[in-house]
Amino acid sequence: MSEDHDLISRLPHGPEFRFIDAVTALEPGSRAVSRYRVRGDEVFLRGHFPGEPVMPGVLLVEALAQTGGLAAQSPGWEPRGRLCLGAIRHVRVLGSVGPGAELETEARVVGRIGGLVEVEGEVRSSGHTLLRGRLTLGEGPAG
């Protein structure tokens, strides 16, 4: 979808570090839901773990942060610089996935102060919650 591409291209990450393939729901400034398929050819899978590839939990956190960044942007508010992960709070990794898994990430904006945005959410796959947590995103340096 062209609209998905436009939304995803707002992320400051290069394509090889995006954990969003599609945006399935968006309430600007409030909530976003994204999808990512673990293809199996990702570089991180080669070393985590050889012969039994598993997506690292920290990348599930990153998927939540990226989806939260899309949720945070709203009409009348766009970050002055890159919206970056600033703090990881109350995160629990509850499961893992490997090649072929499809992740669904939901992020909800629960607070704002200045250039900081607090988001909470979950990463799920096949009906199982893999990660649940709260993150703070902050405006990083521009360009």
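**View 1. Around the second largest pocket, 13 residues form the lining, and Pro15, Glu16, Arg18, Tyr36 and Arg39 lie nearest the centre.** Its volume is about 170 Å³. Sorted by class, the lining has 8 nonpolar, 5 charged and no polar residues. Here Ala, Val, Leu, Ile, Met, Phe, Trp, Tyr, Cys and Pro count as nonpolar, Asp, Glu, Lys and Arg as charged, and the others, Gly among them, as polar. A pocket is an open set of points on a 1 Å grid over the protein atoms alone, where a 1.4 Å probe fits, with protein on both sides within 12 Å along at least five of seven lines; lining residues have an atom within 4 Å of a point. Grid points are joined across faces, edges and corners, and the volume is the space filled by probe spheres set on them.

A note for all views: this is a predicted model, in which local features need pLDDT of at least 70 and side-chain atom pairs count only at pLDDT 80 or more, while totals for chains, interfaces and linings use all residues. Residues are numbered from 1 along each chain as its sequence is written, and side-chain values use heavy atoms, leaving out hydrogens and water.

**View 2. Strand S4 (residues 102–113) pairs with S2 and with S5.** Strands (E, at least two residues) are DSSP runs, as are helices (H or I, at least four), numbered from the N terminus; two strands pair if DSSP finds at least two bridges between them. S2 (residues 31–37) runs antiparallel to S4, joined by 7 bridges, and Val33 has Glu106 as its bridge partner. S5 (residues 116–125) is also antiparallel to S4, with 9 bridges. Look for Ile113 opposite Leu116, then for Gly114 in the hairpin, with a positive phi near 55 degrees.

**View 3. Thr105 sits in strand S4.** Is Thr105 buried or exposed? With a relative accessible area of 1%, Thr105 is buried (under 20%; exposed is over 50%, partly exposed in between, with a 1.4 Å probe and protein chains only). Beyond its neighbours within four places in sequence, its contacts (heavy atoms within 4.5 Å) include Ala32, Ala63, Leu64 and Val123.

**View 4. The largest nonpolar core has 27 residues, and Leu60 and Val123 are among those with the most contacts inside it.** Such a core is a set of buried Ala, Val, Leu, Ile, Met, Phe, Trp, Tyr and Cys residues joined through side-chain atoms within 4.5 Å. Helix H3 (57–72) is one of the elements that each supply at least two residues; its 8 residues are the largest share.
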